Amino acid sequence: MAEFEKVEGSKSDHDLRLYAISTCGWCKKTRNFLESNDVAYEYVYVDLLKGQDQAEVVEEVSKLNPDRTFPTLVIDGDEVLIGFKEDAFKEKIL
Amino acid sequence: MTEPAGVTEDEVEALCDRLAREAEANGYHLNPDREMTLDLVRGLTDNKERYGYMLCPCRLSGGSREADLDVICPCDYRDADLDEYDTCY
């Protein structure tokens, strides 16, 4: 099972899981938003995973976001935000 | 997949300028946030080195050029993304 990288933050009201691509500028902006707002989250760079780990995570993403676009941010296991949506992030996370 | 060996910042800037000219010639505009756009162009150059073609930096490779034809920049989803989000993802 792929390991998600945990990022510490003082705001941990929500369980945030970020599926990202290492080359993606929007994914980087999403991480910057979370970290500049001191929000705890975990992330994985799907493109850097190999073999079975990648296949399992891709399957997870496909269920959450059939278009498999990135960033895909999952809030508390059920709400899915696709793309860098700063206003929605502020409303739902901060 | 190999890790990108690295492209110089000058090369990224030059590619960004070329893409901007091509975009404008076709009625599109690159994001005016230059830093953001350079990040995306850097993603394209990384992917060119990794895969041999400019896979969208925000899309996952399907493992071959044939599988990725729809997500090579500018990808098949650009216009739909622009309609929905005012930007591409």
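Two strands are taken to pair if DSSP finds at least two bridges between them. Helices (H or I, at least four residues) and strands (E, at least two) are DSSP runs, numbered from the N terminus. The model described here is predicted: local features need pLDDT of at least 70, side-chain atom pairs count only at pLDDT 80 or more, and totals for chains, interfaces and linings use all residues. Residues are numbered from 1 along each chain as its sequence is written, and chains are lettered from A and ligands numbered from 1 in the order in which they are written.

In chain A, strand β2 (residues 16-20) and strand β3 (residues 41-45) pair in the parallel sense over four bridges, with A:Tyr19 standing opposite A:Val44 in β3(A). Strand β3(A) also pairs with strand β1 (residues 5-7) of chain A, here in the antiparallel sense and over three bridges. In β3(A), A:Tyr41 is the residue opposite A:Val7. A right-handed β-α-β unit is made by β2(A), helix α1 (residues 25-36) of chain A and β3(A); a crossover is right-handed if, with the strands pointing away from the viewer, the path from the first strand over the helix to the second runs clockwise.

Chain B contains four helices and zero strands, in the order α-α-α-α from the N terminus on. Because its radius of gyration, 13 Å, is close to the 12 Å that the globule rule gives for 89 residues, chain B is as compact as a globular protein of that length. The radius is taken over C-alpha atoms, and the rule is 2.2 Å times the number of residues to the power 0.38. The C-alpha trace of chain B spans about 35 × 30 × 20 Å along its principal axes.

Of the 89 residues of chain B, 25% count as buried. A residue is buried if 20 or more other C-beta atoms lie within 10 Å of its own, exposed if 12 or fewer, and partly exposed in between, with C-beta atoms placed from the backbone. B:Glu13, in helix α1 (residues 9-25) of chain B, counts as partly exposed because it has 13 C-beta neighbours inside 10 Å.

Between the chains, 13 residues of chain B are in contact (C-beta atoms, placed from the backbone, within 7 Å) with 14 residues of chain A. Helix α2 (residues 34-51) of chain B supplies the largest share of the side of chain B that touches chain A, six residues.

Key: Contact = placed C-beta atoms within 7 Å.
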